[in-house]
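Work each one through before turning to its solution.

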Amino acid sequence: MVPAGGSSRNAGEVSIKDVAHRAGVSIGTVSNALNRPDRVSAETRSRVRAVIDELGYVRSESARQLRSGNSRMVALLVLDMGNPFFVDLSRGAERAARNHGLGVMLCHSAQDPEAESLYLSMFAEQRVHGVLVTPAEASGGNLLSFRRHGIPYVFVDRVVDSDDACSVSVDDVAGGELAMRHLLENGHEHVAYVSGPVELAQCADRLVGARRAVAEAGLPPDAVAVLDTGRLDVQSGRDAGARLLGLRPRPTAVFCANDLLALGLLQAMFDAGVRVPEDLALIGYDDIEFAEAAAVPLTSVRQPAARMGATATELLLRETEGEPGHEHESVVYSPELIVRRSTLHRRD
């Protein structure tokens, strides 16, 4: 016996044709409502969704993928999902993808080129719709190999030649200049830069900007002491803090390549009885949510992470959907200095 108002079919037996008939629309309209919702009015989408819920229709993604040759999933491969910057970036990408009826497969390479290569191979096997990637491998060799599969990709948080692929990034040289100029204007002439992995272009560019500001101020290059770290995380910041305490003369200010490093270094200074900002000014990069919430609110260089993720997704979709005359673009956003208590002590 069939319950009142129910259907005698199992959900797996309900077809897209049944949905279209019950909703009073064409099969193509149902398909667009599921796969390209921006092409269907809100009223029609609502009616189709109500029928789908009523009938219990579940589309076969594997069958659809076999017909089309690729999936409705975009792959997002970032350096480290433990970094809130990439969490915000992924949120922007996910919202933009959802607006086009796509899902996002989120992966992180842990800054490991071998892991990056394995993920790219998996994306090729899955025939993903496209890839958003923050490269872990400095030479870009993994992407050169991936290109033969014909799956479009966009670089995120990395500047590349626009003839190679689209990219979305922030001007990290300018960001480094903003940070260092702020410290110099507050009277600091001996500054440390906690860099993160030296092979990452973002870290290198921030140092280039910092050194440019130092040169413009008429100070010698050794006014910046560089402390390399293997990772861009809190523990690496703590370790850098221990090394900083051993420098002679000790720097009066520190610029960190990201906020996680800065927060770890802040902890190390508290443990050592070093006051921030009275004894040591501290500035980070990214302006993650925890920067403002720190025990000493952290001055930071803001990147528009969510906007970068959304922009990268839109660029990818223009290419995957065959936009006429598509040309690769390199979108570069300007960073913004957000001043908080960690640097608000002038050194005279």
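A crossing of two helices is called left-handed if the near helix is turned anticlockwise from the far one by less than a right angle, and right-handed if it is turned clockwise. The model to which this is applied here is a predicted one.

**Exercise 1.** Describe how helix H1 and helix H3 cross, and state which residues make the contact.

*Solution.* Begin with the axes: those of H1 (residues 16–23) and H3 (residues 42–55) come within 9 Å and cross at roughly 120°. Angles from 65 to 115 degrees would count as roughly perpendicular and those over 145 as roughly antiparallel, so H1 is oblique to H3. Next comes the handedness, and the crossing of H1 and H3 is right-handed. On the H1 side the contact is formed by Asp18, Val19, Arg22 and Ala23, while H3 contributes Arg47, Val48, Val51, Ile52, Glu54 and Leu55. Sorted by class, this contact of H1 with H3 holds six nonpolar and four charged residues, and no polar ones.

**Exercise 2.** Decide whether Thr44 is buried or exposed, and list what Thr44 touches.

*Solution.* Thr44 belongs to helix H3. The relative accessible area of Thr44 is 14%, and the cut-off for a buried residue is under 20%; Thr44 is therefore buried. Leaving aside residues up to four places away in sequence, Thr44 touches Val25 and Thr29.

**Exercise 3.** Carry out the analysis for the pair H8 and H9, including the classes of the residues in contact.

*Solution.* Helix H8 (residues 172–185) packs on helix H9 (residues 201–216) at an angle of about 45°, and their axes are 6 Å apart. H8 and H9 are therefore oblique to each other, and H8 passes H9 in a right-handed crossing. Among the residues that make the contact are Gly176, Met180 and Leu184 of H8, together with Val208, Gly209 and Ala213 of H9. Counted by class, the contact of H8 with H9 comprises seven nonpolar, three polar and seven charged residues.

**Exercise 4.** Treat the pair H10 and H11, and then follow Leu265 into the nonpolar core.

*Solution.* The axes of helix H10 (residues 234–245) and H11 come within 6 Å and cross at roughly 50°, so that H10 and H11 are oblique to each other; their crossing is right-handed. Residues including Gly237, Ala240, Gly241 and Leu244 in H10 meet residues of H11, among them Leu261, Gly264, Leu265 and Ala268. By class, the contact of H10 with H11 has ten nonpolar, five polar and one charged residues.

Now turn to the core. The largest nonpolar core has 71 residues, of which Leu132, Val254, Leu265 and Leu282 touch the most other members. Helix H11 (residues 259–272) supplies the largest share of this core, namely eight residues. The contacts of Leu265, not counting residues up to four places away in sequence, are with Val194, Gly237, Arg238, Ala240, Gly241, Leu244, Val254, Cys256, Leu280 and Leu282.

**Exercise 5.** State how many helices and strands the protein has, and what percentage of its residues is buried.

*Solution.* The protein has 13 helices and twelve strands, and its C-alpha atoms fill a box of roughly 85 × 45 × 30 Å along the principal axes. Of the 348 residues, 49% are buried. Among contacts with a separation of 6 or more, 72% are between residues 24 or more positions apart.

Methods. Residues are numbered from 1 along each chain as its sequence is written. This is a predicted model: local features need pLDDT of at least 70, side-chain atom pairs count only at pLDDT 80 or more; totals for chains, interfaces and linings use all residues. Side-chain values use heavy atoms; hydrogens and water are left out. A nonpolar core is a set of buried Ala, Val, Leu, Ile, Met, Phe, Trp, Tyr and Cys residues joined through side-chain atoms within 4.5 Å. Buried means under 20% relative accessible area, exposed over 50%, partly exposed in between (1.4 Å probe, protein chains only). Helices (H or I, at least four residues) and strands (E, at least two) are DSSP runs, numbered from the N terminus. Contact means heavy atoms within 4.5 Å. Axes are lines fitted to C-alpha atoms, for helices over the stretch in contact, and angles run from 0 to 180 degrees between N-to-C directions. Angles under 35 degrees count as roughly parallel, over 145 as roughly antiparallel, 65 to 115 as roughly perpendicular and the rest as oblique. Ala, Val, Leu, Ile, Met, Phe, Trp, Tyr, Cys and Pro count as nonpolar, Asp, Glu, Lys and Arg as charged, and the others, Gly among them, as polar.
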